[in-house]
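Biologist: I have the sequence and the structure up on my screen. Can you walk me through what is there?
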Amino acid sequence: MDVIKKILLRIVIVVFPLTILYVGFQMASEANSRKEHPTDVGLGYAIMLFFVFLILVIGFIIDLIKSIKNRHYKTAIIDIHFLLLFSIPIIYLHCKMGSYCEECFCNGIVNYLDNLG
């Protein structure tokens, strides 16, 4: 039961900032579509999403290190799964924003995700 509580706590920690960012994006894009000369609000939110994921990854890395140090290996395994899940959008956003990433390993991931949509 303790493991389920830890998983639910981590899900809440992840969902809360992403929900706030999503609601803010919906309001900003709706207000932007009413303008006579709309601007690009998506790029700003993509950058904010990158930094939200980066902060979450740093927090989960710190928690992973603490869990390993205190020998809480079940918590460490949960953190590793969340870190793997966060690595996909971080790599995607980083490769889309960086122009120097044409022949690196994440190019295959970007091409695969672009072809899904």
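Modeller: One term before anything else: buried means under 20% relative accessible area, exposed means over 50%, and partly exposed is in between, with a 1.4 Å probe and protein chains only. Buried residues make up 23% of the 117 residues in the protein. This is a predicted model, where local features need pLDDT of at least 70 and side-chain atom pairs count only at pLDDT 80 or more, while totals for chains, interfaces and linings use all residues. Residues are numbered from 1 along each chain as its sequence is written, and side-chain values use heavy atoms, with hydrogens and water left out.

Biologist: How many helices and strands are there in the protein?
Modeller: Four helices and zero strands. From the N terminus on, the order is α-α-α-α. Helices (H or I, at least four residues) and strands (E, at least two) are DSSP runs, numbered from the N terminus.

Biologist: Which residues have the most contacts inside the largest nonpolar core?
Modeller: F60, F82 and F86, in a core of 16 residues. α1 (2–33), α2 (42–69) and α3 (73–97) are the elements that give two or more residues to this core. A nonpolar core here is a set of buried Ala, Val, Leu, Ile, Met, Phe, Trp, Tyr and Cys residues joined through side-chain atoms within 4.5 Å.

Biologist: What is F82 in contact with?
Modeller: Leaving aside neighbours within four places in sequence, F82 is in contact with I7, R10, I11, V14 and F60. Contact means heavy atoms within 4.5 Å.

Biologist: On to packing. At what angle do α1 and α2 pack?
Modeller: At about 170°, with their axes 11 Å apart. Axes are lines fitted to C-alpha atoms, for helices over the stretch in contact, and angles run from 0 to 180 degrees between N-to-C directions. α1 and α2 are therefore roughly antiparallel to each other. Angles over 145 degrees count as roughly antiparallel, under 35 as roughly parallel, 65 to 115 as roughly perpendicular and the rest as oblique.

Biologist: And which residues meet there?
Modeller: On the α1 side, R10, I13, V14, P17, L18, L21, G24, F25 and A28; on the α2 side, G42, Y45, M48, L49, V52, F53, L56, F60 and D63. By class, the contact of α1 with α2 has 14 nonpolar, two polar and two charged residues. Ala, Val, Leu, Ile, Met, Phe, Trp, Tyr, Cys and Pro count as nonpolar, Asp, Glu, Lys and Arg as charged, and the others, Gly among them, as polar.

Biologist: Are α1 and α3 roughly parallel or antiparallel, and why?
Modeller: Their axes come within 10 Å and cross at roughly 30°, so α1 and α3 are roughly parallel to each other. The contact is made by V3, K6, I7, R10, I11 and V14 of α1 and K74, T75, I78, D79, F82 and F86 of α3. By class, that contact of α1 with α3 has seven nonpolar, one polar and four charged residues.

Biologist: What about N32?
Modeller: N32, in helix α1, is buried, at 9% relative accessible area. Leaving aside neighbours within four places in sequence, N32 is in contact with P38, T39, D40 and V41.
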